[in-house]
Amino acid sequence: MIISAINFPIYLGLYAVAPHFVLVLLGEKWRQMIIPLQIMCIGGFFASFNGLFSAFNFSTENYRKHNIRVIIATCFLIAQSIFLVRFGIEAVAAGVALYSFIVFYLTYEVIKEKFNMTWKEFIACILPAILASAVMFFIVKICYLTFSEETTFINLSLMVIIGAMTYVMSMALIPMAILDNIKTSIYQDFGKILTKFKYIFRT
């Protein structure tokens, strides 16, 4: 799914650079936001599918089942937030992440019933993005350990650039059917650019 190809690296990358992101852009007084931000990034993985699942369920006239499950999950979120707030912002963030997972699971079950799609098939669709994001995360964490002593904007920018380049190269190497046409178009355009450069230098 194209959503996983876009959102997974964003959330996993933000999780990896969260300490630098918070300290550089928000300042030392926001240090306590690092862990909640990382927890919310985990929830973001699941929340990124909610819009897609809603569109599927509404287009197939399963909106009633979908809405009932979302309402149940929302009631659970409110109840757990009231309980967890006494334990601090990390606990509330964990509750929101859990809510995102519950909505993801319940709404996907509606799709699964309609299209008879197994969890194995769904994971196979997003596996390339997961693998590419994991490679990117590993490289960014190495950079983080290298730059951990200096939380500067330059180091943050380097980690973002290195992570983005790693992810793009990983996606180019890992087969993903939905991106095959995009890859082919990019390769063709790149070949045309090289041809033009060769013609310019020859003349």
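**A salt-bridge tour**

Start by selecting Glu 113, which counts as partly exposed, with a relative accessibility of 48%. Keep in mind as you look around that this is a predicted model.

**Stop 1: who does Glu 113 pair with?**

Glu 113 and Lys 65 form a salt bridge, and their closest N and O atoms are 3.5 Å apart. Colour the two helices: Glu 113 sits in helix α5 (residues 89-115) and Lys 65 in helix α4 (residues 63-84), so this pair ties together parts that are 48 residues apart in sequence. Lys 65 is partly exposed, at 41% relative accessible area.

Next, select Arg 69. This residue also makes a salt bridge with Glu 113, with 3.7 Å between the closest N and O atoms. Here, too, distant parts of the chain are linked: Arg 69 is in helix α4 and Glu 113 in helix α5, 44 residues apart. Show Lys 65, Arg 69 and Glu 113 together, and you have one network, joined by salt bridges that share partners.

**Stop 2: another salt bridge**

How many salt bridges does a search of the whole structure find? The search turns up four. For one of them, select Glu 28 and Arg 31: their side chains meet in a salt bridge, at 2.6 Å from N to O. Arg 31 counts as partly exposed, with 42% relative accessibility.

**Stop 3: Thr 166**

Jump to helix α7 (residues 153-173) and pick out Thr 166. Is Thr 166 buried or exposed? Thr 166 counts as buried because its relative accessibility is 11%, and the cut-off for buried is under 20%.

**Stop 4: zoom out**

Switch to a cartoon view of the whole protein.

The protein exposes about 12,600 Å², and carbon and sulfur atoms supply 72% of that. Of its 203 residues, 35% count as buried. To finish, think about contacts between residues at least 6 apart in sequence: 70% of these join residues at least 24 apart.

Terms used
Residues numbered from 1 in each chain as written. Predicted model: local features only at pLDDT ≥ 70, side-chain atom pairs only at ≥ 80, totals over all residues. Heavy atoms only, no water. Buried < 20%, exposed > 50% of the residue type's maximum accessible area, 1.4 Å probe, protein only. Helix = DSSP H or I, 4+ residues; strand = E, 2+ residues; numbered from the N terminus. Contact = heavy atoms within 4.5 Å. Areas by Shrake-Rupley, 256 points an atom, 1.4 Å probe, with all protein chains shown as cover.
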